[in-house]
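Open the model in your viewer and keep the selection tool at hand. The stops below go from cavities to cores.

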Amino acid sequence: MSVEFVPAVVPPARPAPPVRLADGLAYGGDYNPEQWPREVWDEDVRLMREAGVNLVTLGVFAWGTVETSDGVRDWSWLDDAVALLHRHGIGVDLATPTAAPPSWLLSAHPEIAPVLADGYREPPGGRNAWCPASPLYRRYALRHVAALAERYGHHPAVRLWHVGNELGGGNARCYCDVSAAAFRHWLAARYGSLEAVNAAWGTAQWGHRYGAWDEIDPPRGRHGAPNPGLFLDYERYSSDALLAHYLAEKEVLERHSAGPVTTNMMVGAGAQVVDYAAWAPHTAVAANDHYTLVDDPLREQDLAFAADRMRGMSAERRPWLLMETSTGGPSWQQRNRAKEAGEIERNALAHVARGSDGVLFFQWRASRAGAEQFHSAMLPHSGTRSRVWQEVVTLGAHLRALAEVQGTRVEPARAAIVVDDVAGWALQHGLKPHRGLRYGRELRAWHRALWERQVLCDVVPPWADLDAYDLVVVPTLLVVDDETARRVAAVPERGGTLLVTYLSGVCEPDAQVRTGGFPGAFRDVLGAWSDELYPLQVGEQVLLDDGGRVEDWTERVHLDGADAVVRYTSGPLAGGPAVTRRAVGRGAAWYVSAALPPDGVDRVTARLLDDSGVPRTVEADPGVEAVRRVGDDRSYLFLLNHTGTDRKVAAAGTDLLAAAEVGPVVTIPAGGVRVLREPPRPGASADGSAPSALSASSASSASSAPTLRPEDPR
Ligand code: GAL
């Protein structure tokens, strides 16, 4: 059984040169001409031009319509579609169609389909129905990718390669025997010996000691209490296995084409299906699919969080690409909400404000048939008489007016939130003091408080360079390695402000608990520690002396150099510290031992901003979003109003959407957006940004290569 496709250590990525996908910002979406008769194609390109579409994603699910039986390929329709788009000046983001293996392949080799933890093998009919470790699937996929790349590798219409689709969406974890063998191989490379695996996982507990590699299985079954070390390593292995597949396709594409290569991720709040931040350095431009959720009352903040996370995935904070979003309801939620008037543009420009160099939708034209027949589109079933179409045309015109923004970067943030999928996986699985905690909750809570104050923050992986930030927030980072802990601890030592929340630093990378008190790795820098965790019961609340009420999580904290800022006033911990602050020279280290409600997070955040001197982009009420993108000698202020009433902000410049001079006070209409080209700001640095109070190093660190290291202990 071959397992040669799964590396234990991901090779370091080469820094990719900047990518220019279109003249100006990219605009378009998934285009599926194979679903339509040829006469519709002519209307498609005519309407694409009317809307200003300049890039479409082609062929995502077109494996079976090209390779109609084993080794037999009919390229004619794809040739025609690429040629038609090219004639009309529309660029192509050409997908390798490997997300959907053809029916003939699945039927001849059902063993390539993924197996769930309970042993159930997925039948054909969905997508990503393949096991990431299957050598057979890999062989067929790469053979087709090579044929595709040979054919279109030098076609002038092809601006970007799009590997598969949402890798991991449906096959992020496979528990088949092939995967089990690949996992053992991965473990052998990571640990070197079976003794090291036994030691790392603490297999003496429950008598699980392994005497041979073949005794190690993936965490199968339904008991929900896998060994935490085994569980975490299977998560890591699964992410690496999919990344290995991406890299294999990328390598084939690069053999035949000099075009940039990417894949569309699914980045939001909380733990992702795979560790995308580790993947991002392997993409020429990081790409994301983002859909707002109907039951999220703060869906615009979820969008901002995802966008800040995309930007934070590259060391240089380079532009990324919104690869998919929707013009209205998708069809996979329970009740798929239409967007309000203006919301398509407000959402789209929020992504651009935070660093996307384009706006692409799923999908160009609404399908008549198939599973997603009721999914919204740029061109809805009702055609050009629809409100959505009118808004799509307006958005296209507005993106053209913003063409000069392309290639600029979001101004360097002075605040960062550290996020790690590995920590999220660990927090949410297995037997824990509180099994209902969700990683995304604490991340969103601290991000919201900054977002509502118009404070820009990068959402960064744990291996990011933290030196450029005046404020670093570390929420529920359950698993942390010593090197990351050292870089986090350096923040207050060099005069910055650090905030760490409960359940951070508690475990080593192998999931073993750090003994001596919580929060293990951060005890010393915080000058505070807990000897006992007090998760609260459903409905139980504990009062704080700042007027707040805590649900879910409290701890018995002891001061060891820090001061108590907020204390518990009820329950078994009454009188004890809940929030602490240790002054460290000019810096400060905060510990939040409780799951604070929003008003408590707000109060602490106000203090953090005082401590750190991190400024707001503008002074406005919550609901107004403000982000600046900067170029060599240019700066653009994006102002978005998510509320139902007009809002005023002190700002001035040329409103690029209205083509008018505005200021010194600008009204942002209810639900509207303004983008100002600002007059040069006095004291701005070469990239147009104001320098950080602390770090002369921010410029150099911003230009350094991505920091994914082969020796990364994760
Ligand atoms: C994405 C997927 C698209 C389409 C879309 C619908 O997750 O990549 O192919 O299914 O969802 O919202």
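Which residues lie nearest the centre of the largest cavity? Select Ala280, Pro281, Thr283, Ser314 and Arg318, which are among the 17 residues that line this cavity. A cavity here is a set of points on a 1 Å grid over the protein atoms alone where a 1.4 Å probe fits but cannot get out, and lining residues have an atom within 4 Å of a point.

This is a predicted model, in which local features need pLDDT of at least 70 and side-chain atom pairs count only at pLDDT 80 or more, while totals for chains, interfaces and linings use all residues. Residues are numbered from 1 along each chain as its sequence is written, and side-chain values use heavy atoms, with hydrogens and water left out.

The largest cavity holds about 140 Å³, a volume being the space filled by probe spheres set on the points, joined across faces, edges and corners.

Next, select Thr292, Arg299, Ser326 and Lys339, which are among the residues lining the second largest cavity. That cavity holds about 80 Å³.

Now move to the largest nonpolar core, which has 179 residues. Such a core is a set of buried (under 20% relative accessible area, 1.4 Å probe, protein chains only) Ala, Val, Leu, Ile, Met, Phe, Trp, Tyr and Cys residues joined through side-chain atoms within 4.5 Å. Select Trp446 and Leu596, which touch the most other members. Helix H5, residues 135-152, gives the most to this core, with 11 residues; helices are DSSP runs of H or I, at least four residues, numbered from the N terminus.

Last, select Ala182, Val197, Ala200 and Tyr234, which belong to a second, separate core of 21 residues.

Conventions. 1 Å grid on protein atoms, 1.4 Å probe; cavity = no way out; pocket = protein on both sides within 12 Å on 5 of 7 lines; lining within 4 Å. Buried < 20%, exposed > 50% of the residue type's maximum accessible area, 1.4 Å probe, protein only. Helix = DSSP H or I, 4+ residues; strand = E, 2+ residues; numbered from the N terminus.
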